Amino acid sequence: MKLKEFIDKHERLCVLTGAGISTESGIPDYRSAEVGLYARSNHRPVLYKEFCSSEAIRRRYWARNYVGWPRFFSLKPNITHNILKYLEDIGKVGCIVTQNVDNLHSKAGSKKVIELHGTAFKVMCLHCDHKIFRHKLQEVFQKLNPSMIATAQMIRPDGDVELSQEQVEGFNVPACNNCGGILKPDIVFFGDNVPHDKVQNVKANVENLDALLILGTTLSTFSAYRIVLQAIDAAKAIAIVNIGETRADKEVDLKIKGRCGDVLSKIWQLNASNNFIN
């Protein structure tokens, strides 16, 4: 009821989403206690500096990503994405800032989306401005690695999977077909920075909209926590829905502990006429 009052009270919301909203689509998050990827494995995402400097690390990254891509590509939006799309349609959501690279907001039909950390669905060259769609690169990988057969077991938030060293060592990675440079997902890797113009775009939306609703993120990365600080500076009301603790719990107006899909769907169950979630 308190969250419903928060949403009803503020005319236009800026929504910040994290990995916790995509878990119900089959993508694990990193940091949830006991169930997050960090709690279940020793996996850590590749660092930007390592990716740029090491051919072996790039080969390992792309081999894992190649195997995980078909499943990652096929995942569908869940009730949280659909609710946010509906709220955008009726003018309640003015902007969605997502830390996720899974494209699920766009798949749900949301238009006003800022992908804070980029998207796994595009690939960029580190040496020129050339970009291609990730599914096109998948076709190139298939031609270069016809004997690469593996199935995705546990997919990760960034779309890759676990492979043996033997599988990785024989994997062929193409260069940019425009300049011969290094291909990288259009994603802000750990250790890299969010582009300045994107930071300013987010800041402008936080300042121009009426409140900040945070869904499914611990706010552990500064790129996300900075948005909370911007909202505080702009004297905006802030609400959080997350399954566990977050970095900003003591700084916000409302915190609800729970799964985003469960919490948001209950709000609309209070009004039986809202059947868009079915």
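I began with His 117 and found His 117 in the loop between strand S3 (113-115) and strand S4 (118-125). The model I am reading is predicted.

I looked up the record for this position. The UniProt annotation "active site", from an unreviewed entry, covers His 117.

His 117 counts as buried because its relative accessibility is 12%, and the cut-off for buried is under 20%.

I then listed the contacts of His 117, setting aside neighbours within four places in sequence. Thr 98, Gln 99 and Val 101 are among them.

I turned to the second largest pocket. I noted a volume of about 300 Å³ for the second largest pocket. Its lining has 18 residues. Nearest the centre of this pocket lie Gly 118, Lys 131, Asp 186, Ile 187 and Lys 198.

I sorted the lining of the second largest pocket by class: seven residues are nonpolar, four polar and seven charged. By element, S4 and strand S6 (183-187) each supply at least two residues of this lining. S4 gives the most, with five residues.

Last, I looked at Met 148. I placed Met 148 in the loop between helix H7 (134-144) and helix H8 (165-169). Met 148 is buried, since its relative accessible area is 14%. I also took one distance: Met 148 and Val 168, 20 residues apart in sequence, are 9.4 Å apart in space, C-alpha to C-alpha.

Note on methods:
Residues are numbered from 1 along each chain as its sequence is written. This is a predicted model: local features need pLDDT of at least 70, side-chain atom pairs count only at pLDDT 80 or more; totals for chains, interfaces and linings use all residues. Side-chain values use heavy atoms; hydrogens and water are left out. UniProt positions are given in the numbering used here, feature names are shortened, and annotations may be inferred rather than shown by experiment. Helices (H or I, at least four residues) and strands (E, at least two) are DSSP runs, numbered from the N terminus. Buried means under 20% relative accessible area, exposed over 50%, partly exposed in between (1.4 Å probe, protein chains only). Contact means heavy atoms within 4.5 Å. On a 1 Å grid over the protein atoms alone, a cavity is a set of points where a 1.4 Å probe fits but cannot get out, and a pocket is an open set with protein on both sides within 12 Å along at least five of seven lines; lining residues have an atom within 4 Å of a point. Grid points are joined across faces, edges and corners, and a volume is the space filled by probe spheres set on the points. Ala, Val, Leu, Ile, Met, Phe, Trp, Tyr, Cys and Pro count as nonpolar, Asp, Glu, Lys and Arg as charged, and the others, Gly among them, as polar.
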